[in-house]
Amino acid sequence: MKYEIVIGLETHVELNTKSKIFCSCGGHSSAKEANDCVCPACCGMPGMLPVMNKRVVELAATAGLMLNCNINKYSTFDKKNYYYPDLPCAYQITQLNHPICTNGHITIKTKDTEREIRIKQIHMEEDAGKLVHEGNFSYVDFNRTSVPLIEIVTQPDFRSADEVLTYLRKLKSMFQSSGISECETGAMRCDINISVRPEGSSEYGVRTEVKNMSSFELIEKAINYEAQRHIDAIEYETEELIQETRRFDEATGKTFAMRNKETEADYRYFPDPNLMPIVIDDAWLEKIKANKPIILDERENLYREVGIGEKEIAMLLSNHVLMKLLDDTVQAGADLKTASSWILTDLIGLLKRKNIALTADTIAPAKLARIIELVAKSVITRATGKKLLDVVVEKDVDPDEYRIANKLDMQQDSGLLENAVRKVLQENETMVAEYKAGKEKVFQALIGATMKELKGKAEPSAVVEALRKALLR
Amino acid sequence: MEYYVQKIKENGKIAVDDLILIKDVPSYGGSKILEGFHSLFTAEVVERLEKAGYPVSGTTPVGEFGLDLVGEFSYGHTQKGKLYGAAAELVKKGEVEFALGVDMNGAPRRAAALSGIEFLKPTYGTVSRYGIISCAASGEQIGVYASNAETIAKAMKIIAGHDEKDGTSLPDMTYDYSTTEAVSGKKVALITELLEKADDDVKKQVQKVVADLEKKGVKVEKISFVNCQTACIAWQILMAAETCNNISRYDGVKFGFRAEKYKDIDELYVNSRTEGFNLLTKTMILYGSDVLSKKRYKDCYEKSLRARRLIAEQLNALFEQYAAVIAPVCSTLSFTDYDVKDAFTKVYNEMVFTAMANLTGIPSLTKGAVQFMAKPFGESTLLSLARVSEKEDK
């Protein structure tokens with residue numbers, strides 16, 4: 001029998017804010033030592049009260065807008081009770097009954113399918129700390145405690161691991177490019193709800209949940225393993241499927257059931273009396289909407305409209321640093337399509353040759369825009385532009401200062417060009433004869449020699465034209 | 001009786017109870033579980049008072065997390081014989097000008113009654129809770145012990161007002177703490193259900209106050225308010241749930257007391273908490289866990305929230321007709337020491353008098369055993385009624 005895999009995802013994303021969700025501690029990701037970034041509040045000391053970080057609300061709402069959700073005017077926080085040493089208050093503040101965003105959707109395209117994934121809700125919550133085990137001792141590090149997260153819950157709309165990965169890549173790219181999250185390693189974690197059913201059936205099978213997955217590669221492995229386990233259980237009656245929570249073991253490539261004790265907990269949720277309901281009025285929502293970054297689908301359309309190739313579009317959409325650089329270069333005055341070609345061909349090629357990774361600091365967008373402008377206005381040749389790009393990336397020089405100091409400007413004086421051509425033709429009489437005898441190949445060599453004579457400061461097309469004219473005589 | 005847990009300044013003017021934190025001063029909150037703990041910061045109210053020229057002379061014992069009657073089961077300060085509240089006694093003796101206490105289950109109001117002084121539990125949200133060992137966040141409030149309404153008003157003017165460090169602190173508004181509102185012609189209601197629960201000593205005090213007020217032209221009418229008992233149950237449920245949640249952070253891992261013997265993390269939790277809490281607190285934890293469990297949440301916790309709304313509405317309606325409500329604040333003025341296993345019931349029986357104010361956030365001022373309640377922000381009415389009645393005492 002053929003089976004259909006049904007998957008729903010809960011994705012936790014760490015928000016990119018200056019301070020934690022309920023206190024003013026900041027910079028946990030750059031903390032050097034354990035417990036460098038803590039205060040009495042995020043350590044669970046008595047006397048401190050949670051105070052809502054408004055930026056968290058704005059980022060969560062922005063994520064909701066990007067995922068086409070309703071942004072709820074009224075949302076509340078609940079306390080979720082459980083004991084664990086990395087949870088200093090022994091409760092987590094989260095949103096259970098009235099989350100900030102509900103009922104969204106996002107379209108994903110894989111090689112084979114295009115599917116709309118429904119977003120059930122997005123809620124805000126605080127992260128827990130970290131345990132470090134050394135020998136017979138365990139240590140707690142509260143740097144990450146109370147770091148703001150959003151949890152994005154989808155409906156069971158995925159039908160393959162490929163779709164899940166496509167969705168996650170899209171989320172990651174969206175959140176990175178909009179600054180909602182840096183989505184660094186571990187800052188995006190998933191719980192995967194999975195079941196299988198005979199193809200064509202409308203009933204759901206028994207569902208299991210694989211918890212706390214962050215690597216895309218392992219997510220794919222876990223889904224494939226778990227789906228096959230379900231199919232085997234149904235097809236060959238290898239085991240009886242029960243609804244349970246499981247973990248994925250990287251070493252064996254298998255999932256295993258968590259102890260019942262961990263999964264059957266009653267979290268005794270109740271509304272947090274210390275936090276007033278979050279009310280997003282129209283004015284605030286308008287402000288959030290006005291700051292909403294272009295969403296990926298809109299970007300994709302824009303790129304296509306100006307004539308950027310499909311391969312290049314795919315490259316851009318999958319890399320927020322590229323997108324950001326392109327955005328900023330256009331912002332600095334460059335034409336979108338021209339800038340995309342400079343970035344995707346010349347800059348990327350250059351970095352590959354030099355084996356440098358592209359970062360936000362690789363090149364100042366304004367300098368790149370200036371190089372593009374110099375070429376567009378024929379102040380320098382494209383070839384000189386490429387060389388200039390190389391120097392700017394290498395030494396961060398000012399393009400104009402360098403161009404003037406090194407006399408890179410294009411040879412505008414046609415007399416010089418003609419003199420050069422004349423000189424080359426005189427010095428290469430043999431080649432001229434060969435060319436005139438029909439050996440077209442030598443023409444390239446003549447161009448090369450002329451360019452050399454001009455020290456590269458001429459537009460190749462002009463050289464070609466001058467040479468042809470001279471040879472026709 | 002020991003009046004201080006920590007003596008801080010010889011020339012201090014006020015006392016605060018041990019649930020109010022002061023930087024670098026050991027704070028137990030009356031519990032062994034916080035043994036050795038001292039705060040890294042000072043409560044907002046203390047900051048405001050010190051700035052206004054009222055240094056703290058010391059912290060006074062409270063029952064473990066303020067859960068008992070008046071502080072009889074304070075860790076290291078268990079009381080024998082007749083029970084008193086330490087802060088109230090300091091005020092009565094004139095050793096401090098006034099004192100602050102956290103009112104969650106009515107303990108400071110009861111203590112004021114036993115010492116024959118006054119205590120105001122202000123409207124919820126008017127005084128910052130930043131820096132108190134919090135249990136029942138939705139109804140606890142810092143209030144003032146003093147020997148007269150004038151002093152309470154003076155203290156309130158200093159401590160009340162918005163604090164951005166407390167999310168439940170009401171947005172900036174000015175509060176009125178007048179003691180000279182005209183009382184003549186005002187209508188006041190006396191709750192018969194509560195009067196009937198009090199003994200003769202308490203009843204006598206109520207009758208005297210009623211007579212004094214009537215002399216001043218106040219019209220006192222006996223009314224029935226059957227939901228006193230419902231308010232008590234609802235507040236007990238909410239209080240237990242919130243307390244259980246808030247004190248779950250005392251687990252032996254980070255600070256305070258940790259059991260000596262444990263094999264693993266589960267034992268560390270269980271042993272530390274078993275040894276660190278008294279029986280009343282443990283009962284409260286079990287009760288609180290139970291009402292929040294999936295099985296009971298709807299019938300207990302959620303219903304209590306509905307009761308809170310309903311009773312607040314009923315009280316609002318009552319305050320349309322009456323400027324204030326009068327009731328006893330306790331059943332008797334002579335509590336003596338008792339076994340901790342009876343504490344849960346004893347406190348519950350007394351909370352019927354005090355719970356309405358905590359549940360709905362309305363202000364309540366007790367003068368001796370007689371409490372006055374008014375609509376939110378109606379403190380001036382309470383202070384003025386108390387002041388009129390004080391004059392008759394002389």
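The following dialogue explains how several descriptions of this predicted model are reached.

Visitor: How should the names and values be read?
Guide: Residues are numbered from 1 along each chain as its sequence is written, chains are lettered from A and ligands numbered from 1 in the order in which they are written, and side-chain values use heavy atoms, with hydrogens and water left out. As the model is predicted, local features need pLDDT of at least 70 and side-chain atom pairs count only at pLDDT 80 or more, while totals for chains, interfaces and linings use all residues.

Visitor: How do you know that the span of α10(B) agrees with expectation?
Guide: The expected span is 1.5 Å times one less than the number of residues. For the 24 residues of α10(B), 298-321, this gives 34 Å, and the end C-alpha atoms are 34 Å apart, which agrees.

Visitor: Where is the kink in α10(B) centred?
Guide: The kink, of about 25 degrees, is centred on Ser304(B). The bend at a residue is the angle between axes fitted to the seven residues ending there and the seven starting there.

Visitor: Why is Arg268(A) called buried?
Guide: Buried means under 20% relative accessible area, exposed over 50%, and partly exposed in between, with a 1.4 Å probe and protein chains only. Arg268(A) has 16%, and is therefore buried. Arg268(A) lies in the loop between α4 and β15 of chain A, and its phi is near 45 degrees, a positive value in a residue other than glycine.

Visitor: What makes a set of residues a nonpolar core?
Guide: Its members are buried Ala, Val, Leu, Ile, Met, Phe, Trp, Tyr and Cys residues joined through side-chain atoms within 4.5 Å. The largest has 146 residues, of which Ile20(B), Phe65(B), Leu100(B) and Tyr145(B) touch the most other members. A second, separate core of 102 residues includes Ile100(A) and Phe175(A).

How values were computed: Helix = DSSP H or I, 4+ residues; strand = E, 2+ residues; numbered from the N terminus.
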